[in-house]
Amino acid sequence: MVSPRPVRPDELRFVLLGRLAKCNGRVKPAHIRQVQEEMQRLGLSLQERALAEAAFRRGRDAGDAPYRWLVRLRDQRSEAQSVLLSCWRLVDATGGASTAERELILRWGRWLGWSQAELEALTIGLGCSGSWRIPPGAQDYRDALQLLGISADSD
């Protein structure tokens, strides 16, 4: 069995987004639009966009688990948060996370060392639609963010 090519840190986000978009069987136009928004949000150059698109296709087509790539981000909490927020935004773009999508994000988050409450708290302020349950204490969390004058997607 041939081992897959390693993923560079800047590709990982788009590999995960490709995997997430395909996990229910088919990539939707809303997924593509959201990935393009992520590229714009990150301010990617044309060359970086081409690499991100290739990484998305790789994630969409790959069957291997990204565990070894994600654990390398454990000590880079702000980068991990940014990647996880991209994942939540992708599933929100299609009307909310399916069970499979949600479980995939939660699994990746655990590999990053995040608790389920921390992962679901990331959805606060994103306007996530559909199937989101507000975790216990979420209003306290929102109140704290408002008091500090920051948004849930701040670094």
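What percentage of the 155 residues of the chain count as buried? The figure is 41%, where buried means under 20% relative accessible area with a 1.4 Å probe, protein chains only.

Colleagues, this is a predicted model, in which local features need pLDDT of at least 70, side-chain atom pairs count only at pLDDT 80 or more, and totals for chains, interfaces and linings use all residues. Residues are numbered from 1 along each chain as its sequence is written, and side-chain values use heavy atoms, with hydrogens and water left out.

I begin with confidence. The predictor's confidence in each residue, pLDDT, runs from 0 to 100; its mean over the chain is 82, and 75% of residues reach 70 or more. Helix 2 (residues 29-42) has the highest mean, 95, and helix 8 (residues 138-148) the lowest, 62. Over residues 129-136, pLDDT stays under 50. Where pLDDT is low, the predicted coordinates should not be read in detail.

As to architecture, the chain has eight helices and zero strands; these are DSSP runs, of H or I over at least four residues for helices and of E over at least two for strands, numbered from the N terminus.

Helix 2 and helix 3 (residues 46-61) pack with their axes 11 Å apart, the axes being lines fitted to C-alpha atoms over the stretch in contact. In helix 2, I32, V35, Q36, M39 and Q40 meet R49, A52, E53 and F56 of helix 3, contact meaning heavy atoms within 4.5 Å.

Definitions and conventions. Axes fitted to C-alpha atoms, helices over the stretch in contact; angles between N-to-C directions. Buried < 20%, exposed > 50% of the residue type's maximum accessible area, 1.4 Å probe, protein only.
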